[in-house]
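Please open the model in your viewer and colour it by secondary structure. The tour below goes from one selection to the next.

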Amino acid sequence: MLAHHNRRPMAAAALGLATMLVVSACSSGQETQAGGAEVGKVDGKISLAYLQKQGDQEYFIGEAAGAKAKAAELGIDLKIVNLGNDANKTVSEAQAAISQKSNGLIVVVPDPAVGPQVVQLAKDGKVALLTSDDQICSTGPDPSSCGADALVPRIGFSGEQMGGEVGKRAAEEFKKAGWNPAETRTISAWKQDVTVCTDRVNASKKAFTESAGAPVQNIDVPTDNSPTGAQDKIAATITANPAVKHWVVWGCNDENVQGGVTALENAGFKADDVIGVGLGAYLACKNWTSGKPSGMKAALFINGKDVGALAVQTMYDKLKDGKDFPKEAFAPTKMVDASNWKDAGVTCG
């Protein structure tokens with residue numbers, strides 16, 4: 001998925017405010033509560049704001065559609081906001097939603113460093129706070145170094161589970177191909193400062209190693225999580241390893257794997273010498289529309305509609321029935337390939 005896991009630096013002022021909030025919370029002896037304020041039940045119509053990064057990306061378009069459909073079903077007034085890659089806009093749009101009397105905020109942040117600010121705003125505004133897709137921490141900018149109690153409740157997918165499925169399928173394809181391990185390399189491609197991406201890739205490596213039946217050397221390739229960025233970096237990796245005859249590619253999202261498959265095609269590798277296993281399926285499916293052989297052998301389908309709908313339902317349960325947020329709730333995933341992607345409901349981006 002998901003190119004949406006790009007991160008860009010925040011403005012110094014925003015970082016400064018985040019630091020001030022953390023310091024003030026510590027110095028006052030009060031711990032900022034993950035998930036914002038304790039809020040009462042809403043008797044009338046519920047109003048929610050869904051703040052998404054990269055809202056024009058295929059996955060998030062689906063997520064917004066799923067959220068809107070569920071909101072219509074439940075009679076919720078829902079506003080979707082595209083934050084793009086602007087971390088500062090997260091703060092300003094959260095402030096705007098609170099001033100417009102939203103009962104709850106669902107956020108997908110462009111940069112998790114805004115986490116403490118968003119949590120503080122929700123707490124001060126007495127609105128419920130839920131994240132989807134990416135984690136944020138109430139006490140610091142980096143969710144990976146955050147205590148479990150300070151992580152804001154999240155709706156999305158399990159990075160470990162997703163990566164494991166990708167690695168397992170890659171191992172199945174590798175064994176089916178019957179390649180010589182010494183002539184094969186695996187490529188792990190991802191934006192290495194994005195925690196959820198690292199979780200996915202590490203799980204893919206582990207699952208492949210456990211299931212492949214033979215040791216295969218892995219090459220880590222840092223990318224910007226875009227197809228062209230991955231293509232450029234993987235092309236350089238191919239050039240640097242001229243003796244390799246067979247390649248297995250996985251990454252944080254479909255973008256990385258598509259970039260790798262394209263780079264290998266351009267380098268003259270035939271489909272029979274490439275195993276790409278995507279994560280998202282919204283780009284992988286383009287390789288299957290022609291019916292011709294492709295190095296993209298499979299992809300894990302993650303449906304943004306399911307996440308958007310589950311996030312809205314979870315917020316509704318909290319505000320209408322007083323049901324506590326789960327720490328995490330996961331939408332289902334499904335491995336697809338050229339034979340079944342249409343039946344699975346994949347929207348080809």
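What follows is a list of stops, each with something to select and a note on what is there.

**Before starting.** This is a predicted model, in which local features need pLDDT of at least 70 and side-chain atom pairs count only at pLDDT 80 or more, while totals for chains, interfaces and linings use all residues. Numbering starts from 1 along each chain as its sequence is written, and side-chain values use heavy atoms, with hydrogens and water left out.

**Whole protein.** The protein has 9 helices and 12 strands; helices (H or I, at least four residues) and strands (E, at least two) are DSSP runs, numbered from the N terminus. Of its 349 residues, 57% count as buried. Buried means under 20% relative accessible area, exposed over 50%, and partly exposed in between (1.4 Å probe, protein chains only).

**Select residues 104–108.** This is strand β3, and 5 of its 5 residues are buried, so the strand is largely enclosed by the rest of the structure. In a regular strand the side chains alternate between the two faces of the sheet. Here G104, I106 and V108 point one way, and L105 and V107 the other way.

Q52 has V108 of β3 as its bridge partner. V107 has T131 of β4 as its bridge partner. Between β3 and β4 the chain passes through helix α4 (residues 115–125), and this β-α-β crossover is right-handed: with the strands pointing away from the viewer, the path from the first strand over the helix to the second runs clockwise.

**Select K53 and D134.** Their side chains meet in a salt bridge at 2.6 Å, N to O. A salt bridge is a side-chain nitrogen of Lys or Arg within 4 Å of a carboxyl oxygen of Asp or Glu. K53 is in strand β1 and D134 in the loop between β4 and β5 (154–156), 81 residues apart. Both K53 and D134 are buried.

**Select the open sheet.** Its 6 strands come in the order β7-β6-β8-β9-β10-β12, with mixed pairing. β7 (217–222) and β12 (333–336) stand at the edges with a single partner strand each, so one side of each has no neighbour in the sheet. Strand β10 (residues 296–302) pairs with β12 in the antiparallel sense over 4 bridges, and L300 has M335 of β12 as its bridge partner.

**Select W179.** Is W179 buried or exposed? At 9% relative accessibility, it counts as buried. W179 sits in the loop between α5 (159–177) and β6. Leaving out residues up to four places away in sequence, its contacts (heavy atoms within 4.5 Å) include F174, W247 and I275.

**Select D317.** D317 lies in helix α9 (residues 304–321). D317 is buried yet has no salt bridge; K323, the nearest side chain of opposite charge, is 4.3 Å away. For charge, Lys and Arg count as positive and Asp and Glu as negative, while His and the chain ends are not counted.

**Select E210 and K206.** The side chains of E210 and K206 meet in a salt bridge at 2.9 Å, N to O. Both are in helix α6, 4 residues apart, which means a separation of about one helical turn. E210 is exposed, with a relative accessible area of 58%, and K206 is exposed at 53%.

Technical notes: Two strands pair if DSSP finds at least two bridges between them.
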